[in-house]
Amino acid sequence: MKSILGLILIGVIITFVFLGCNKLTEGYVKGYEDSPLLPATAPATKIFAGAKAAFIEFYEGTPSKLAAIWAQQATGADRQYMAFDIYNMTANDFSNDWFLAYTRVLTNLKIAQQKAQEEGLLNLYGAAKILEGIHMGMVAALWGDVPYSEAAQPERTLTPKYDNQIEVYTAAIAAIDEGIQVLTQNTAALPQDLFSTGGSTAKWIKAGYSAKARYLMHLARRDNYPTAVLDQVISAALNGIIATTRTGTPPAAGYGTDDLVFTHGTTYQGNMNLWHSFIVQDRSGYLRALKCYAVRMLGARGTAESGRFNYYFTADSNDLRTTGTAAYAANAYFPVIRASETLLLLAEAYARKGDLANAVTYLNRANTYTNTIFGTTLRTNYTTTDFPTQADLLQAIFNEMYLALMHQVEVFNFLRRIDYQIQYRDGAGNIVRLTPKRGTVFPQRFFYPQSEVSTNPNIPWIQAADDLFAKTRVNGGTR
Amino acid sequence: MKKLIFSLFLLLTVATLAFAQLGAIRGRVTDAQTGEALPGANVFLLNTVYGAASDAAGFYVIRNVVPGTYTLVARYVGYQEFRQSVTVTPGDTITVNVRLVPGLIQVSPIVVTAIGVEEERAKLGTSVSSVTGETILRTGYTNVISSIAVKAPGVFTIEAVGDPGAATRIVLRGPRSLQTANQPLIVVDGVPIWNSTFGASVGNVSTISRNVDINPEDIESIEVMKGPAAAAIWGARAANGVIVIKTKSGSFSAAKKIRLSLKGRIHRSELLRPFPLQREFGQGQHGKFVFNGLLSWGDRIADRPGGPDSLARPDYPYSRIVEKRSKDTYDHATELFRKPITWNYSIEVSGGDEWGSFYLNAERLEEQGIILANSDFKRTSIRANVSRRFAENITARVNAAYVKTSTNRIQQGSNISGLLLGAYRTPPDFNNQPYIVTYVSPTGARFPNSHRSYRNGEGDPGRVAGYNNPFFTIYRNNTLFYTDRVFGSAEISYDPYKWLNITYRIGADYYTDRRNQLWPFQDAALPSGRVSREVISQFQINTDLMVRLKYQFNKIISGSFLLGAHLDHELTDNTFVQGTRFILSDAPPYILNTLDYLPDEGKTIVRTGAFYGEVGVDVFDQVYVRLSGRNESASTYGAKGKKTYFFPSGSIAWEFTKLPFFTTQPIITFGKLRAAVGVAGVRPPAYVTRTYYVNASFGNGWGPVTNAIYYGGGSVQSSQLGNPEIKPELTTEIEYGIDLRLLSDRLSISATRYTNKTKDAILNVAVPPSSGFSTRWANTAKIDNKGTELQVIAEWLRLGSFSWTTTINWSQNKNTVVELAPNIESIGLAGFVDPSSRAVRGYPMGVLYGSKWERWTRDTIVTIGGKQYQFKAGSIRVDANGFPVPSPIYGVLGDPNPDWRAGFINTLRFGRLTLNVVVDVAKGGKIWNGTKGALYFFGTHGDQNWWTTISADEADRLKNYLGFTPNQFMATYPVERKVYRRNPDGTVSFRGYVADFGGGKVIIDEYYFYSGPGSGFTGPAEQFMEDAGYVKLREVSLTYNLPLRRFGLESIDLGVILRNIKIWTKYTGIDPETNLTGPTNGQGLDYFNNPPMRSVIFSISVNY
């Protein structure tokens, strides 16, 4: 009797278990699959804001510091930055920046554009297109052949191909053109803007034109500055950021009325100026002035430059200034495109075309801007007779551009475009040229990052140490 | 589920409560050597209420035992525990004579299996290693994981750093998962508990694993189930093995005697050995003194005039040194350490009778670190284990512990607030005392509490510290973690028939880990200060309902059957807030005293539900077959795939010595062949099945961060691509082996060979960032482990009451990452950008990966200085001056996993005196001496006291890294640099040496180290890889058991334990058994890790 009862008991248990088994356990775990804290989507406005924040981190981050070091507008003075100072780079030094450029900036710009179209926010779409163009032009300038036509489209491929640098430039300019066209028809102010435009679509359009002029000038170099391209540069630049008046809210320093800049607050790891954060909070001693070339050049120009000198450097010429209303105060703005750059592009384009009168006009306008912003007392009344030859005028424009692009990523692109031909006269009247810190050649590109080298079979070639000094296509290189 | 449980209970209550006819056990307890009777010995049936004490003639009898199979245990002070399986049949009295052996601790014949059920070891088809509580206590370690190091084969442990309470990594039979740290599941009294490690990083303080909350005193035994073959019953939590801990219970006493033990321990610790630092050259560069200089490439201290330094402002004693005159140097390698002495004590009360038993323990532990202050680990633990019989066949038990720990920790590692980073980089001629000064400015303004460091020797608050003064780190840079934890289980067991048992068990584990950290004002890392508060809390509840049957079908076959249901619910949450930039610099640390806040939180809930079963068949009482299976669902499995997976296992053991042939021979007393196979898994991490949107906050790797919150807020797509098809990773393990006991059990040999193959290992696969994601979750990796485990126990000598036994535990594991993901060569596990510990296809998991020398791709002839030099393909490339060239591309640098690991345990026993010596040997393996790499840059490493003189001719010919010959150099920098010194005879002396990299002789001077590739900052990590093999005298313990049957006493135990006494190694750092990133998968990184200590522990235990 007892064993029968027992057997029945076992039988019942087994039946229970194997009939209801999966259903019971799966029922128990159901409803706990998804994160209780994270969303699965977001609206276009917030994604665009996110992409713009990433753009700040990229543009104002390491690329600008490397550009400054290699342009000798600052000095790498501690550990890895000492190596950067003498061009000792590895592929991995660029992984963070590439990640920001693609996964953070480009990807979220593309998502924002798609959502903006779905949500009917065409002004946001246009601004995002312009930013995409500005951004990808920069990425192509820094790395050469890069993914674009297949990039940031994970539904299409996870291993995008690398496009020819020239095609990326063309596509970036096309994106700017599309953005300008859309914004021209959709002029409502953007609901949220992290940059200095205040959401103004007119300012976004100007930024687009300035960037277009910049990239057309990059392209022009390859074919030795053909007139047709120079005319396009002039046409774009004239619609760009060229206002020489001043804006900006005290106590932060001022900038040009139409300038595209990143505005900052004082919150550390929040909205603080990233150079201030780096120099004061994060990596004290890594990035200094240490009487670098730009310091000496400004010094040699005398009291006329004291406003700009004090804006960027400490009185002992050893450090970047991080206090008061200086360039690297906690809440100092960081420039993306200044009017002086576009004005000097105009000057250069006219000078190269042989229209020296116009060239001098825009050189004077650029100096007017510099005087307004930095309190310098540069001459604004140059005439063509001040420059014996076209080359002299061009050299003067280059020298001004070198200082106008102080500490921006673009200074690296610009210097490569003019083969680092910067010079000044020292107190004794000797010409002092910009020369490499080590060896006889200057860096010509960024390495493809280790993160891409080890994952993307489309990487164009296996890099060696010397490749840092190989020109990109746009500067006459072959890859 | 609730319905099911209810129905089962209903069934159980309906079943009649029938009492079977009872049986009895009798016998005599004697000394195995002398044959003398042992009166007052306790004899009882394990985990039951049955027991008795032996009388004056040694006889005992246990009456009224419900028929069934039990474990009979006999205990007597000073003797080895006796255990034997007995089967009580209705109405019969069986006889079991107990011969107690004085002496050695032997492996218990009874094993607690993965689900907390007892099984005879002889019947196991897997190799389960056991460690007794006594062995654990004898090691002197305060955490359980460290104490089982080399105590069993197949167990690979590594202590991360020397801080009290620091995490120890344990890996059983090799790592097989990339997304977890490969730590085994810890099961206490049948219920899993947390052993989490949070906050392992290359900087900050060393972290803690939560196994520190287990009081070693409470442990009766530990069984190590090394992989799926033994542990498959735990399904997707068991791929890394299971450590089954059984806590103590009160033992039966016929006289209802309450046992009381008072224990005290004195700990004394000191630095294991100092790190080599040079004291010949001072602060500065170019061979000259530089006040506040970063480097120690200054002048030769012996050449100074001596006497006090000449100061810029004689009224302020720490003002700028204008001329360095003093020859004083300071020992930065040892000045931070002390030899602390601490007391620990515990009280234990236990007892038991035929109706129940209890065990109570209270412990107070204080472990002081060797760092001067603020480095400690404290634990207060209270445990109560109580069991009670309600009827002949219903027993309930509750085991519960409350533990409070607190620990002060010191900043370490790659961290400019870190202790040794600042200490070792300090020039030998800079006195780090005082670390706090009242700074007086040139205008007379006073700034109290200013941080003075070697890069800010004046303590000027207007300058930054550079690196923390190590004393500032110790005394000001405070970190306190404190934890409250409750864990335990309750169980009710019902035996309606002698062949049927029903058990319901519920276990809970809950803790909160509070972490308070402070970087004061003027801290090097955060000059404006930071305070952080973090509360990590974890909770899990596990329930099991098990039905077990045992049945003897006939004389040939007997069988057992088990069926169980398991549910668990695991919650992890985390609240974090930090404030940066203090408003009042000297106020107590408080969030609202800061300008910038950053809060964060995290929360995950994981649920698992499973049914499991096991069938056992014993044939002829010599062939034992076990089959088990678990059908499991978990909330982390992807919605698009299956939600339920099946984890089977099977084993077979054949005790061939039960064949008639063996009964007649005297050599082999026991022999077993065994084989087992099992599949277990690792669950995917929570919430990887979809792609989320995250707050738009971005860093670039150097510190600066842009957070869109401060611009009105933003949101971006996560860079991790979710995978709705994610499934558990599956490890299949096959093991086979042999267990032999020879020569009257004086020699025991156990050998096991295993392979475990993991497929579908979960990987956050790197994808090209240009795709829009940087990683995607996938089941793509394949990882294999193959290994051999050998245990030999030999009693060499037995002479009267003297005996000598040697145990050798030898393990070898070969791990291979067979596949990661298509196109993926490697993924990072931990460490730096250069080097990192990575999984690289075709290599063992965790290989170090980083920068290397560039090598010639083909045989090459190079002309250097007019001479031709030949280089073979693969040799290091040299530049135009003959110096080696770093490659921009990274590669594999070495494998941190040892070739084999062995423990040699010698136990000498003379009467009641026992000497135990444990030697730990690790052969092979590589470690990155990042500390040395960094110090080579600074010029403070002990190697860098070179002083070389070269001939005048060489001084004209040999070039340094900058391309100068010494003579050219002196001509170019006649005054401002003093790197070279021309001697009267025309020879030239300098700090450095002459080297030849294959392209002729070159001069290695200071420029090679900070401008050239000679240091870890400026050159390849490859040059700092070292052999990590070692021989370590891990433990020497001497214990004496003094029987004292007076004043109500039973005995007094006295002991001296020497822990981590001596190390023999080629490694030039302090100890190759270290790891910066704690118990993570990334291993082999030494970068200013807090140093290990050695300890002497005196213990006394008074037993009533």
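Buried area is the accessible area, taken with a 1.4 Å probe, that two parts lose on being put together, summed over both. In this predicted model, chain A and chain B bury about 8900 Å² between them, and 64% of that area lies on carbon and sulfur atoms. On the side of chain A, the residues that lose the most area to chain B are A:Tyr28, A:Tyr32 and A:Arg79, which together account for 9% of what that side buries. Counted by residues, the interface brings 103 residues of chain A into contact with 102 residues of chain B.

Polar pairing also occurs across this interface, where 32 residue pairs are in polar contact and the count of salt bridges between the two chains is three. In a salt bridge between the chains, the side chain of A:Asp34 meets that of B:Arg690 at 3.0 Å, N to O. Several helices of chain A give two or more residues to the side that touches chain B, among them H1 (2-29), H2 (44-59) and H5 (95-119). The largest share, 17 residues, comes from H1(A), and the residues of this side of chain A divide into 53 nonpolar, 36 polar and 14 charged.

Leaving aside neighbours within four places in sequence, A:Phe48 is in contact with residues including A:Leu109, A:Leu131, A:Leu190 and A:Trp204.

Over all chains, a search of the whole structure finds 89 salt bridges. In one of them, the side chains of B:Glu735 and B:Arg173 meet at 2.8 Å, N to O. B:Glu735 lies in strand S42 and B:Arg173 in the loop between strands S13 and S14 of chain B, so the pair ties together parts that are 562 residues apart in sequence. Both partners are buried, B:Glu735 with a relative accessible area of 1% and B:Arg173 with one of 0%.

A further salt bridge joins the side chains of B:Arg210 and B:Asp513 at 3.5 Å, N to O, and this pair links a loop between S15 and S16 with strand S30 of chain B, 303 residues apart. Here, too, B:Arg210 is buried at 3% relative accessible area, as B:Asp513 is at 2%. Salt bridges that share partners also join residues into one network, including B:Arg173, B:Lys226, B:Glu735 and B:Glu789.

Note on methods
Residues are numbered from 1 along each chain as its sequence is written. Chains are lettered from A and ligands numbered from 1 in the order in which they are written. This is a predicted model: local features need pLDDT of at least 70, side-chain atom pairs count only at pLDDT 80 or more; totals for chains, interfaces and linings use all residues. Side-chain values use heavy atoms; hydrogens and water are left out. Contact means heavy atoms within 4.5 Å. A salt bridge is a side-chain nitrogen of Lys or Arg within 4 Å of a carboxyl oxygen of Asp or Glu. A polar contact is a pair of N or O atoms within 3.5 Å; within protein, one must be able to donate a hydrogen and the other to accept it, and residues adjacent in sequence count only if both atoms are side-chain atoms. Helices (H or I, at least four residues) and strands (E, at least two) are DSSP runs, numbered from the N terminus. Ala, Val, Leu, Ile, Met, Phe, Trp, Tyr, Cys and Pro count as nonpolar, Asp, Glu, Lys and Arg as charged, and the others, Gly among them, as polar. Buried means under 20% relative accessible area, exposed over 50%, partly exposed in between (1.4 Å probe, protein chains only).
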